[in-house]
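I opened the notebook on this chain to look up how its parts are arranged. The entries follow in the order in which I checked them.

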Amino acid sequence: MDHIHLKVQTSVVTPSDNLTLGIETSCDETAAAVVRGGREILSNVVATQDDLHAVFGGVVPEIASRRHTEVVTMIVDKALREAQVALADIDLVAATQGPGLVGSLLVGVSAAKGIAISYGLPLVGVNHLEGHVMSNFVAPPGQPPPAQELFPTLCLLASGGHTSLILMNWFGHYKLLGETRDDAAGEALDKAARLLDLGYPGGPAIEQAAAGGDPQAIPLPRPRIEGSLDFSFSGLKTALARHVDEHGVSGTGNVADLAASFQEAVVDTLTRNVAAAVQQHRVKQVIMAGGVAANQALRRSLTALGRSRGTPVAYPPLELCTDNAAMVAAAGYFTVQREGPSDLAMDVFSSLPLTH
Ligand code: KG4
Ligand code: ZN
């Protein structure tokens, strides 16, 4: 492990740069980032804990928070170094306040409070879901962000903990159009991967295994909830489990077909509700966010939908789809502008709705 040091460094930024230090520890990634003016990513450091949790087939909260505690200072230091700034240059500290694992959130929020108090900086608590949305509106200096400022924008947020359709009327103004009634899309992929013995995290494992498979090989349902934009994935997972129970898994060819069929069913289910929401709400743009937005089949499906409707579709680069702190810094910057800073006594929340 690197030596931990938070030292004053030579800075290349000017006092008007409006630098936000973002800290994200809501689940099993320890992340820190420096973002200029809410939009330009100067650094984005993520330490994943996948190796620690893989053996358990899912995140173990106690192990996650302990690891966050061990590395958070070093990750913040690395983000500052990569951005070539010092804590003394920072204007705002943003940390994910929820939703997430309470023990994990507490580590990031406590680190942020410590920095805010020591340097006399404003602190802001960020909604992790808003962070994911904002990952479409940030980019490294000189590069355009993935999404345009076209509103209303529809965001499909699909991760391990959430599957939501969010109507965004402006930064900070969100309406929840639909969400999952049971498993999240990423959770369904993780459970399917476990059933097929493909390892954790399941989404990338399913995607990789599906590459050589036939998505039409196994008939699986496309669960729908009549008259609603909500999702349900638990029946799909049960259908796969039943198929595996009845027919077993035989050889890599069969695993590939099962993975491809399951992935296709998830992608179809997500795409169908996005198509309905685009139509019902006359959206000007569709954006994707969350770990499942890293999935190429989903990206292709929504891009094709957008082309057929004449609606632009955007998604963040892979490293911004999964949990990161650049999105938290960006969301923090906009949150402070509309609500002011948070109280230094701010708490963390396992669930926190997006209600603006
Ligand atoms: O956003 P994220 O990093 O963490 C949460 O906030 O949950 O999302 C993690 C989820 C996991 O369920 C993982 O299996 C899924 O995103 N995921 C993917 C891919 N990469 C990550 N799902 C499908 N295809 C991928 N390439
Ligand atoms: Zn997330």
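I took helices (H or I, at least four residues) and strands (E, at least two) as DSSP runs, numbered from the N terminus. By that numbering, P201 sits in the loop between α5 (185-195) and α6 (202-210).

Conventions. I worked on a predicted model, in which local features need pLDDT of at least 70 and side-chain atom pairs count only at pLDDT 80 or more, while totals for chains, interfaces and linings use all residues. Residues are numbered from 1 along each chain as its sequence is written, chains are lettered from A and ligands numbered from 1 in the order in which they are written, and side-chain values use heavy atoms, with hydrogens and water left out.

Backbone. The bond joining Y200 and P201 is cis, with omega about -5°. The bond from F151 to P152 is also cis, with omega near 0°, and P152 lies in the loop between α4 and β6. I then noted Q84, a residue other than glycine whose phi is positive, near 55°. Q84 belongs to the loop between α2 (61-83) and β4 (92-98). For reference, most residues other than glycine have a negative phi, and most peptide bonds are trans.

Domains. I read the bounds from the domain assignment, which is automatic or from a database. Domain 1 is given as 6-144 + 320-339 and domain 2 as 153-315. Their C-alpha centres lie 28 Å apart.

Interface. I counted contacts (heavy atoms within 4.5 Å) and found 21 residues of domain 1 touching 21 residues of domain 2. For buried area I used the accessible area (1.4 Å probe) that two parts lose on being put together, summed over both. The two domains bury about 1,700 Å² between them, with 71% of it on carbon and sulfur atoms. Of the area that domain 1 buries against domain 2, V133, N136 and C321 supply 33%, more than any other three residues.

I next asked how many salt bridges cross this interface. With a salt bridge taken as a side-chain nitrogen of Lys or Arg within 4 Å of a carboxyl oxygen of Asp or Glu, the rule finds 0 between domain 1 and domain 2. On the domain 1 side, α1 (50-54), α4 (128-134) and α11 (326-339) each supply at least two of the residues that touch domain 2. The largest share, 5 residues, comes from α4.

Salt bridges. The count by this rule comes to 12. One that I looked up is R39 with E149, whose closest N and O atoms are 2.7 Å apart. R39 is in the loop between β2 (29-36) and β3 (40-48), and E149 is in the loop between α4 and β6, so I logged the pair as linking distant parts of the chain, 110 residues apart.

Sheet. I called two strands paired if DSSP finds at least two bridges between them. An open sheet of 5 strands runs in the order β8-β7-β6-β9-β10, with mixed pairing. Its edge strands, β8 (173-179) and β10 (313-314), each pair on one side only. Strands β6 (residues 153-158) and β7 (residues 163-170) run antiparallel and are joined by 6 bridges. Within β7, M168 stands opposite T153.
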